[in-house]
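Hi,

Here is the model I said I'd pass on.

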Amino acid sequence: MLSSRKRSLLGVLLVGMLALLLVLSACAPAATPAPAEEEPAPAEPAEPEPAEPEPVPESKYNEAPMLAEMVAAGELPPVDERLPEEPLVEEVVDDIGQYGGTLRRGFVGPSDHNNYTRVTYDALVRHAPDGSQVIPHIAKGWESNDDFTAWKVFLREGMKWSDGEPFTADDILFWYEHILLNEDLTPTIQVWMQNADGSAAKVEKLDDYTVQWTFAQPNTAFLLDLANKDGADKSINNLAFAPAHYMQQFHPAFVDEAELQAKVKEAGYETWVELFAVEALPHLSGKRPSTAAWAPDGTTVADEVFVIKRNPYYFAVDPEGNQLPYVDEVRFTFYADKETLNLAAVGGEIDMQGRHIAMGNYPVFVENADKGGYRVIAWPTFGGSDAVLMFNQTYVNDPAIGEMLQNKDFRIALSHAIDREAIKELAFLGIGEARQGVPAPFHPYYPGDEWAFKYTEFDPEMANKILDDVGLTERDDEGFRLRPDGERLDLEISVVPTQFAAWPDIGQLIVENWADVGVRAHLELRERTLHFAMRDTSDLQIEIWNEDTTGFPFSGQPKFDPRSQPGLVFAPLMRQWINTDGAEGIEPTPEIQRLMDIIDEAKVSGRDRQVELAQELFRIWADNIWQIGTVGLTPMVQGVVVVNEDLHNVPEVAGNDWPLRTPGNTRPEQYFYAQ
Amino acid sequence: MSVDRDSKTVAPWSDDGPQGDGPQGDGPQGGDPQGGDRQLAVDDEVAGAPALVAEEAEAFYVAPNWKLVWWRFKKHRLALVSGVVVIMVATVALFPGFFSTQDPNETDAVKSFIPVQRLHFFDEGRLRPFVYGVEGGRNAETLRMEWQIDPTKKIPVEFLAEGYEYEILGIVSTNVHLLGVASSDGEGEIYLLGTDRLGRDQWSRLMHGTQVSLSIGLVAVSLSIFLGILLGGISGYFGGTVDLVIQRLIEVLQSLPPIPIWMALTAALPRTWSVEQVYFAITIILSLIGWTTLAREVRGRFLALREEDFVVAAKLSGCSQPRIIFRHMLPTFTSHIIAASTLAIPVMIINETFLSFLGLGLRPPAISWGVLLQEAQNLQSIALAPWLLLPGLAVIFTVLALNILGDGLRDAADPYSQ
């Protein structure tokens with residue numbers, strides 16, 4: 001009897017705990033911002049001293065007080081010696097800044113390595129803040145020959161790595177000869193470095209500060225590609241330079257094999273390739289010298305707190321000659337999940353971040369902005385559509401369905417059946433516009449309103465009529481249309497529940513919309529990796545994703561190129577056909593072949609022709625509606641940005657896209673805290 | 001206490017009277033004057049009314065087991081109330097469509113995050129239920145949906161109103177609901193528990209979630225009982241090697257930490273399965289681990305009863321083994337099984353809820369309490385729409401009621417024990 005009473009007590013306790021949990025979770029948001037109020041604004045810059053130049057009359061440049069101290073103590077050469085002869089002069093967004101402070105960001109673990117990449121954006125050339133052009137960065141300039149087959153890249157004389165070693169053409173040559181051309185490190189050469197016949201393009205050193213790339217064919221996408229060679233996706237394939245003096249100790253071409261093997265063992269790896277791949281990237285190595293504004297202090301993205309500190313040799317100054325960056329360090333704090341990260345941001349514990357900030361929380365952020373001591377900026381996406389339905393053009397698992405997916409009229413009908421205004425209200429807080437996945441109106445590639453809004457009006461009647469015309473006239477007793485073989489037509493929409501997009505909700509709405517015109521569809525929520533695998537093997541019928549490559553159709557992995565991998569589930573078996581020279585897979589249709597021809601031609605054409613080709617591409621894209629766009633130009637993808645109210649020079653308007661490495665394109669090195 | 005117990009030994013029905021006013025539990029005050037007199041007699045002069053006592057004692061001794069349990073159970077007032085709550089929840093689970101006011105899956109773009117609407121019963125002193133209409137829209141600065149009550153707009157509410165079409169138990173199609181907007185003008189809608197981010201009615205979703213969550217609990221427990229009685233019975237009745245094997249199996253299963261095991265098993269469910277398949281799989285997973293305790297109890301009972309005279313007598317009379325087990329042994333502890341399973345249901349409900357809450361159990365578009373809570377598990381809901389956490393209260397009340405009911409049933413299960 002006693003033991004049974006004990007157990008019932010346990011039951012009651014269990015319930016009590018659940019209740020407590022719920023009450024606690026309900027209280028949490030109200031409670032959290034409060035302590036933040038009392039905290040002395042944690043982002044307060046460490047050095048209250050203004051950035052007035054230390055009175056060293058012969059110096060052309062100014063530096064951070066912490067560096068000046070080190071110089072005075074003899075630990076560091078003077079700023080003039082640290083900067084290159086022609087430093088990069090970066091425009092500031094609003095004001096000349098002041099030195100000091102820590103920029104606090106949140107990240108969600110080692111897989112969130114691109115959080116670092118986006119802040120540092122450490123490439124030879126960069127995309128401009130608005131994404132309209134490529135601008136000099138590490139390279140001070142470039143020059144191509146008339147037919148765009150040879151590109152000279154000019155480096156900065158006297159520029160140094162973060163450890164003080166000179167940065168020269170040899171660092172690019174080291175990458176070319178010992179990373180790109182090393183078959184262990186680079187089994188297949190990236191498309192951007194390939195000649196038309198598949199061989200590697202040539203890279204040669206003209207002098208210590210000039211490097212020339214030579215392609216067998218014209219290459220007009222060269223700079224666009226170069227602007228993304230910053231170690232993104234923690235891949236050595238995304239490099240175009242590396243610190244030769246540091247990397248040599250991990251490369252068999254420079255180190256005795258036994259010695260290297262000992263190093264590999266000691267670091268706990270199996271092969272030298274694994275060790276090299278880690279040491280080649282600052283945020284994985286923690287020690288590798290960098291050319292970015294901040295270099296790791298020994299911590300890495302695998303740590304709970306990952307700190308990158310001021311690079312005393314950073315090659316850029318503001319218009320008044322103050323060496324950048326203004327902010328002393330960037331501190332990435334680990335959050336176990338994105339919900340806690342959002343909560344921390346509401347509490348004012350994050351100084352500048354759009355990554356992982358959920359757009360749906362926008363009202364929460366705005367309402368708590370004063371309490372949390374931050375402001376909220378919206379950077380809408382760069383074009384395209386923030387939720388698209390991609391229809392697999394090579395679905396063969398069920399021929400009846402595959403045939404419907406390839407039917408253009410069927411897709412047009414389904415597009416007209418979607419109530420985009422409802423999606424805009426429910427999933428995008430009422431902002432953005434109903435559109436297809438084409439560039440933004442301000443972009444030169446914009447094909448025109450006719451194409452941007454094609455098939456987007458909500459017209460169930462027209463949809464019904466088209467569906468009847470397509471031949472789907474028979475219906476079952478629940479009102480759903482039947483396929484020619486008498487079975488109910490049932491489409492599957494695969495969705496990955498992600499933090500930044502309400503795609504499952506959007507999918508749910510679309511399923512309802514389609515049911516209204518008699519087309520049955522069901523949602524499958526899939527785990528990301530599984531979804532990706534099924535995408536590659538052509539096992540998805542329809543997927544929901546975003547269209548964010550419209551600004552860059554001719555470089556990287558554009559989603560309208562069936563050859564792109566990763567891409568969307570556009571036509572995976574056509575990619576197979578191309579990759580196997582027609583041995584396996586499905587031959588591209590003329591329309592899809594035209595897309596690829598356009599992309600290939602644009603890569604060897606001048607700017608004007610590229611614009612023409614891009615517009616044609618997007619007209620074909622919108623007209624064939626392989627991809628149904630819903631709502632676009634919203635800040636859904638990392639575009640709701642929480643910014644500490646004391647942090648200045650963060651632009652209100654900026655291009656926002658992955659190729660731009662947003663916020664990297666807004667130049668975080670010139671952000672500063674007002675004293 | 002001891003006095004009470006003494007009087008009970010003589011007349012344990014003294015509270016209610018053995019004539020048993022039936023399950024209403026009115027007791028002797030129920031209006032029958034004779035009963036009242038008799039009660040007085042029992043209370044005041046137990047020793048002085050031997051005739052009456054004898055008559056009632058006989059009723060006590062000949063009363064079937066379930067009647068004794070019922071008499072005893074009735075005295076546990078809290079358990080009785082809990083029983084009523086459980087019956088109410090079960091009714092909702094049987095007819096969720098009837099109790100809903102709107103289609104639980106119907107989304108509405110311009111009606112997200114409407115707060116809880118209060119139901120007013122009296123309008124100007126007369127019983128004329130209504131709710132105030134709401135009006136609102138998106139705040140241009142914060143982009144939040146904001147709603148105000150519109151006191152000029154009263155939406156009349158009536159019982160047994162006509163609403164959306166639904167099916168009762170999947171058989172009969174009807175559109176009658178317990179509560180609905182009086183259909184005179186058809187304007188306005190009621191949101192008793194507000195709406196979620198897609199403008200779906202939270203009250204109706206809660207009703208449908210009740211069906212799923214409760215039925216998972218019931219089905220899982222039924223499966224557990226089946227396994228528990230079968231394996232426990234075999235183990236206890238036959239003994240020997242069979243007993244040894246089954247007992248070791250139980251020990252192994254009980255030594256496994258259940259939460260990680262459930263998480264592993266549910267995580268291993270193919271993501272390609274449909275909602276219905278997942279539902280059944282989760283039920284089976286929950287019951288596969290839940291049967292061990294009951295099997296232990298059943299075995300213990302069998303071991304004890306095996307040597308009892310009546311079992312030996314049955315054996316000697318040539319009864320078949322199934323007859324001995326099912327006709328003679330099992331009925332002596334049915335009440336225990338019922339009590340044990342009542343206590344197991346809330347555990348199952350909690351398990352389903354937390355698995356779904358973690359995103360490992362049921363997934364939308366299925367609606368269960370766990371799914372509802374999971375959908376409320378984000379900053380937006382907690383900060384902007386705290387009413388979305390209300391399904392948590394449903395879990396608390398139901399689980400509490402089931403626990404107290406189970407407790408009362410267990411105490412009552414052996415009416416002879418003191």
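Let's start in chain A, where A:V134 sits in strand β4, residues 134–136 (strands are DSSP E runs of at least two residues, numbered from the N terminus). A:V134 counts as buried because its relative accessibility is 14% (buried means under 20% relative accessible area with a 1.4 Å probe, protein chains only). Beyond its neighbours within four places in sequence, A:V134 is in contact with A:V125, A:R126, A:H127, A:W142, A:L223 and A:L224 (contact means heavy atoms within 4.5 Å).

A word on conventions: this is a predicted model, with local features needing pLDDT of at least 70 and side-chain atom pairs pLDDT 80 or more, while totals for chains, interfaces and linings use all residues. Residues are numbered from 1 along each chain as written, chains are lettered from A and ligands numbered from 1 in written order, and side-chain values use heavy atoms, without hydrogens and water.

Now chain B. The domain assignment gives domain 1 (100–199) and domain 2 (204–413); such bounds come from an automatic or database assignment. Between these two domains of chain B, about 1,300 Å² is buried, 61% of it from carbon and sulfur atoms (that is accessible area, 1.4 Å probe, lost on putting two parts together, summed over both). On the domain 1 side, B:P104, B:F113 and B:L193 lose the most area to domain 2, together 40% of what that side buries.

The rule also finds two salt bridges across this interface (a Lys or Arg side-chain nitrogen within 4 Å of an Asp or Glu carboxyl oxygen). B:E375 forms a salt bridge with B:R197, with the closest N and O atoms 3.7 Å apart.

Cheers

Conventions:
Helices (H or I, at least four residues) and strands (E, at least two) are DSSP runs, numbered from the N terminus. Buried means under 20% relative accessible area, exposed over 50%, partly exposed in between (1.4 Å probe, protein chains only).
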